[in-house]
Amino acid sequence: MSAPEKPRLLVSFDQYLPYVSSEQTGALWKLAEGRRQLDANLIRLPPSGGVAAHVEHSLDVLLVVVAGDGRLDGDGEQLALAAGSVAWLPRSSRRGLSAGAHGLVYLTVHARRPGLSVTGTAREGGEAPCSLDRVCPECGTMRAEAGAPFCAWCGERVSAAT
């Protein structure tokens, strides 16, 4: 039996962010501890960039704005975001993000996504169409929209060809 994990400081964004280039976008930092029950990502959207509106059916997400400003579009409402804002994104809610003129840096925290599994029985009609073009190459999440320029889960820029 292994020893229990101990609390520890992982990163200080106040010391980390000044060294982040304004050209860097997508996931700047990820929680990577092996035996965790949470996932957390520090995401940077470029000025006027965004995450397409989508619905996350599995997980509630806590979003904490670390720097910059922008807008949260959720179920017909537009909510202003600024450094220090904390938003709760309940599962099954529609949400999208838009960065302001200086970009938006935010931390997402949520339960660790369960692994993928195959369930059920085969049906007549063959295999389902391939959707690999909608899978984010960074985090493996299926994108809600095939043409979205950023992954809605991790914020990583995805190729226009996918």
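User: Leaving aside its neighbours within four places in sequence, which residues is Gln37 in contact with?

Analyst: This is a predicted model. In it, Gln37 is in contact with Ala111 and Arg112, once neighbours within four places in sequence are left aside. The C-alpha atoms of Gln37 and Ala111 are 6.0 Å apart in space, while the two residues are 74 apart in sequence.

User: Where is Gln37, and why is Gln37 called exposed?

Analyst: Gln37 sits in the loop between β1 (26-30) and β2 (38-45). Its relative accessible area is 70%. Exposed means over 50%, so Gln37 is exposed.

User: What makes Asn41 buried?

Analyst: Asn41 has a relative accessible area of 7%. The cut-off for buried is under 20%, therefore Asn41 counts as buried. Asn41 lies in strand β2. Beyond four places in sequence, Asn41 is in contact with Trp29, Lys30, Tyr106, Leu107, Thr108 and His110.

User: Why is the pair Glu33 and Arg8 called a salt bridge?

Analyst: The closest N and O atoms of Glu33 and Arg8 are 2.9 Å apart. A salt bridge requires a side-chain nitrogen of Lys or Arg within 4 Å of a carboxyl oxygen of Asp or Glu, so this pair qualifies. Glu33 lies in the loop between β1 and β2 and Arg8 in the segment before α1 (13-16), so the pair ties together parts that are 25 residues apart in sequence.

User: Why are Glu33 and Arg8 called partly exposed?

Analyst: Glu33 has a relative accessible area of 27%, and Arg8 is at 46%.

User: How many salt bridges does the structure hold?

Analyst: The structure holds 4 salt bridges. Among them is the one between Asp73 and Arg71, with the closest N and O atoms 2.7 Å apart. Arg71 is partly exposed, at a relative accessible area of 31%.

Terms used
Residues numbered from 1 in each chain as written. Predicted model: local features only at pLDDT ≥ 70, side-chain atom pairs only at ≥ 80, totals over all residues. Heavy atoms only, no water. Helix = DSSP H or I, 4+ residues; strand = E, 2+ residues; numbered from the N terminus. Buried < 20%, exposed > 50% of the residue type's maximum accessible area, 1.4 Å probe, protein only. Contact = heavy atoms within 4.5 Å.
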